[in-house]
Amino acid sequence: MKNSPAFACWMIAGLSLVVGIFSQDKIIDIQFHDTYFVISQLYLSLFFSFVLGLEAVGYQLIERNKGRLIRGLNWIHLVLTFGSISVLFLVSIDPDAIIGNQSEFKRWQSLEAVSIGAVLLFVFSQLVYLLNLGIGFFRRIKN
C-alpha cells in the first residue's frame with residue numbers, strides 16, 4: 001500500500017490541505033492578459049486536495065480491479081503534480097523566493113509567467129494521470 005500511487009496522492013492531498021489551513025490569509029494573483037484571478041490559499045488547497053483525493057480513489061479502483069498501471073507515468077504524474085502545486089504555493093507565500101527582486105513591471109511579468117506555467121504543468125500532469133488510468137483499465141494482471 002505504501003508504494004502505491006494512491007498512497008502518494010493521499011499524502012500530497014493532506015500536505016496541501018495542511019499548508020492551506022496554516023496560510024489561509026495568503027492569496028495568489030494569477031493574471032491572464034487583462035484579467036486578474038485572486039484566489040485564497042485556503043480555496044486553492046481545498047481544490048488541490050479534492051482533485052488529488054479523486055485521483056487516489058481512481059488509482060485504488062484500478063488496483064482493486066487488477067489493472068496494471070505504468071510506473072513511469074505514475075512518477076511523472078506525481079512529480080509534476082507536486083511540483084506545480086509547490087510552485088503555486090510558493091508564489092502565493094513568498095514570491096521573491098522564486099523570482100527575486102526586480103522592478104515592479106518585471107516582477108508582475110515574472111509572476112504571471114511562473115503562475116501560468118505552474119497551472120499548465122498541473123493540467124498536463126492531469127492528462128498524464130488520465131492516460132495512465134485508461135491504460136491501467138485495459139491492461140489486466142494475468143493470474
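Guide: Phe-22 has its place in helix H1 (residues 5–22); helices (H or I, at least four residues) and strands (E, at least two) are DSSP runs, numbered from the N terminus. This is a predicted model, in which local features need pLDDT of at least 70 and side-chain atom pairs count only at pLDDT 80 or more, while totals for chains, interfaces and linings use all residues. Residues are numbered from 1 along each chain as its sequence is written, and side-chain values use heavy atoms, with hydrogens and water left out. Phe-22 counts as exposed because its relative accessibility is 71%; buried means under 20% relative accessible area, exposed over 50%, and partly exposed in between (1.4 Å probe, protein chains only).

The protein has 5 helices and 2 strands, in the order α-β-β-α-α-α-α from the N terminus on. Its C-alpha trace spans about 65 × 25 × 25 Å along the principal axes. Of the 143 residues, 38% are buried. Among contacts between residues at least 6 apart in sequence, 74% join residues at least 24 apart, where contact means heavy atoms within 4.5 Å. The protein exposes about 8,700 Å², with carbon and sulfur atoms supplying 69% of it; such areas come from the Shrake-Rupley method with a 1.4 Å probe, and for residues only the protein chains shown count as cover.

As for confidence, the mean pLDDT is 82, and 91% of the residues reach 70 or more; pLDDT is the predictor's confidence in each residue, from 0 to 100. Confidence is lowest in helix H4 (residues 95–99), at a mean of 68, and highest in helix H2 (residues 41–64), at 87.

H3 covers residues 71–93. It has 23 residues and reaches 33 Å from first C-alpha to last, close to the 33 Å expected at 1.5 Å a residue; the expected span is 1.5 Å times one less than the number of residues. H2, for its part, has 24 residues and reaches 34 Å, close to the 34 Å expected. Just after H2, Lys-66 takes a positive phi of about 60°. Arg-68 lies in the loop between H2 and H3 and is partly exposed, because its relative accessibility is 38%. Arg-68 and Asp-94 are 26 residues apart in sequence and 40 Å apart in space, C-alpha to C-alpha.

Which residues of H3 are buried? They are Leu-73, Asn-74, His-77, Leu-78, Leu-80, Thr-81, Ser-84, Ile-85, Leu-88, Phe-89, Val-91 and Ser-92. An α-helix has 3.6 residues a turn, so residues three or four places apart point the same way.

Ser-92 lies in H3, and counts as buried because its relative accessible area is 8%. Leaving aside neighbours within four places in sequence, Ser-92 is in contact with Lys-26, Ile-27, Ile-28 and Gln-41. The C-alpha atoms of Ser-92 and Lys-26 are 6.4 Å apart, although the two residues are 66 apart in sequence. Gln-41 belongs to H2 and is buried, because its relative accessible area is 0%. Beyond four places in sequence, Gln-41 is in contact with Val-19, Gly-20, Ser-23, Gln-24, Lys-26, Ile-27, Phe-89 and Ser-92.

Trp-75 is placed in H3 and counts as exposed because its relative accessibility is 58%. Trp-75 and Leu-127 are 52 residues apart in sequence and 13 Å apart in space, C-alpha to C-alpha. Ile-76 is also found in H3 and is partly exposed, because its relative accessible area is 39%.
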